[in-house]
There are 2 protein chains.
Amino acid sequence: MRLTTKGRFAVTAMLDLALHSSKGPVTLAGISARQRISLSYLEQLFGKLRRRSLVESVRGPGGGYNLAKEASLLTVAEIINAVEESIDSTQCGGKENCHDNHRCMTHDLWEELNATVHGFLSRVTLADLVEKQRTKPVSVVAPRARTRADGPTITV
Amino acid sequence: MRLTTKGRFAVTAMLDLALHSSKGPVTLAGISARQRISLSYLEQLFGKLRRRSLVESVRGPGGGYNLAKEASLLTVAEIINAVEESIDSTQCGGKENCHDNHRCMTHDLWEELNATVHGFLSRVTLADLVEKQRTKPVSVVAPRARTRADGPTITV
DNA sequence: CTATACTTGAGCAATCAGGTCGGGTTTCCC
DNA sequence: GGGAAACCCGACCTGATTGCTCAAGTATAG
């Protein structure tokens, strides 16, 4: 599980898609204009998202992209995994490269932390983000006040 | 909050340091040999860790590094933040670059996710990792069975 | 049949990961 | 005092990735 701007771009674009999906397919040109992401870069990202079946494409005029599943079934973890290459997490790759008594220390450790972060992000769905966005629509930089209505999923 | 192999190397090295700190300062050469991380790379990482006061150095023969605080007070989030440059998370940088009604959408979104991941990793301490390591010492690739004794902190 | 929109691939500048090299400086120890 | 053990530091290098452009497609509505 890597976490860079690339995944952020992808999640941002998917959120925009979810927010505009009510009126048929959403064009990359639209997302590009609204989110200020270059069209060509979006094309690359959505190529991956399509191959991983997170979105569906409609070609021709009036075409664009639709979510392949309901927003409530699409997780942030899925989106990030779709666009970011996986990471090996260990220099020995699980093999016998390191053979002393510290052999699998890093391996186990990172599998654990990986699983934890991934587990967390896989419980945040696009629908959660849409909801979040709608309840705090335009606004300025946002007061830090929180209510219990935020729900347990994405709050700390 | 970025999450790459760099941060992993740093956490791995700090864990090794914590595991061997009982017998005085730990040398980078030792960490390098045990964890198979290049000495020069470790020097770079520990330079940052020292400047952020996560470790203390002892120069001269018999020298090395010590933790600057107790392991129970050192969090994974601190370590990762020390070695990985921060990330801006948004193309408008909080400024008036984007001015339509989607102005702060990505900004708020990422601040939120950032805070969440960071919040999680800041509740995992080095002491937790040491404990984990001691209870499951050498072993092979580790069976996926889990018990409640794992505790709530770093399990999913 | 044309405009719209997705699809694919080559290529490119900048940055970063991960590491090498070559020098320092501080301090212990003989 | 002179090594040697260790940290310290900065330049530099290589390869991969990021983020992007350009150019050429293909499918389809009208």
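Which elements of chain A and chain B each supply at least two residues of the surface near DNA strand C? They are α3 (39-51), β1 (55-58) and β2 (64-67) of chain A, together with α1 (5-20) and α3 (39-51) of chain B. Here helices (H or I, at least four residues) and strands (E, at least two) are DSSP runs, numbered from the N terminus. A residue is near a strand if one of its heavy atoms lies within 4 Å of it.

The model is predicted: local features need pLDDT of at least 70, side-chain atom pairs count only at pLDDT 80 or more, and totals for chains, interfaces and linings use all residues. Residues are numbered from 1 along each chain as its sequence is written, chains are lettered from A and ligands numbered from 1 in the order in which they are written, and side-chain values use heavy atoms, with hydrogens and water left out.

**First stop: DNA strand C**

Select DNA strand C and the 24 residues around it; Ser57(A), Tyr65(A), Thr5(B), Ser40(B) and Pro61(B) come nearest. Of the atoms of DNA strand C that come within 4 Å of the protein, 65% belong to sugar and phosphate. By class, this surface holds 7 nonpolar, 10 polar and 7 charged residues. In this scheme Ala, Val, Leu, Ile, Met, Phe, Trp, Tyr, Cys and Pro count as nonpolar, Asp, Glu, Lys and Arg as charged, and the others, Gly among them, as polar.

A polar side-chain atom of Tyr65(A) lies 2.4 Å from a phosphate oxygen of DNA strand C. At Pro61(A), a backbone N or O atom lies 3.2 Å from a base oxygen of DNA strand C.

**Second stop: DNA strand D**

Move to DNA strand D, which has 24 residues around it, with Thr5(A), Ser40(A), Gln44(A), Ser57(B) and Tyr65(B) nearest. Sugar and phosphate make up 65% of the atoms of DNA strand D within 4 Å of the protein. Select Lys6(A): a polar side-chain atom there lies 2.9 Å from a phosphate oxygen of DNA strand D. From chain B, Tyr65(B) places a polar side-chain atom 2.4 Å from a phosphate oxygen of DNA strand D. The elements giving two or more residues to this surface are α1 (5-20) and α3 of chain A, with α3, β1 and β2 of chain B.

Select residues 55-58 and 64-67 of chain B, which are strands β1 and β2; they run antiparallel and are joined by 4 bridges. Two strands pair if DSSP finds at least two bridges between them. Glu56(B) stands opposite Asn66(B) in β2(B). The hairpin has 5 residues between its strands, and Gly60(B) in the turn has a positive phi of about 85°.

**Last stop: chain A**

Colour chain A by secondary structure to find 6 helices and 2 strands, in the order α-α-α-β-β-α-α-α from the N terminus. Buried residues (under 20% relative accessible area, with exposed over 50% and partly exposed in between; 1.4 Å probe, protein chains only) make up 48% of its 156 residues. In α1(A), 13 of the 16 residues are buried. Finally, select Asn114(A) in helix α5 (residues 105-121) of chain A. Asn114(A) counts as buried because its relative accessibility is 16%.

Terms used:
A polar contact is a pair of N or O atoms within 3.5 Å; within protein, one must be able to donate a hydrogen and the other to accept it, and residues adjacent in sequence count only if both atoms are side-chain atoms.
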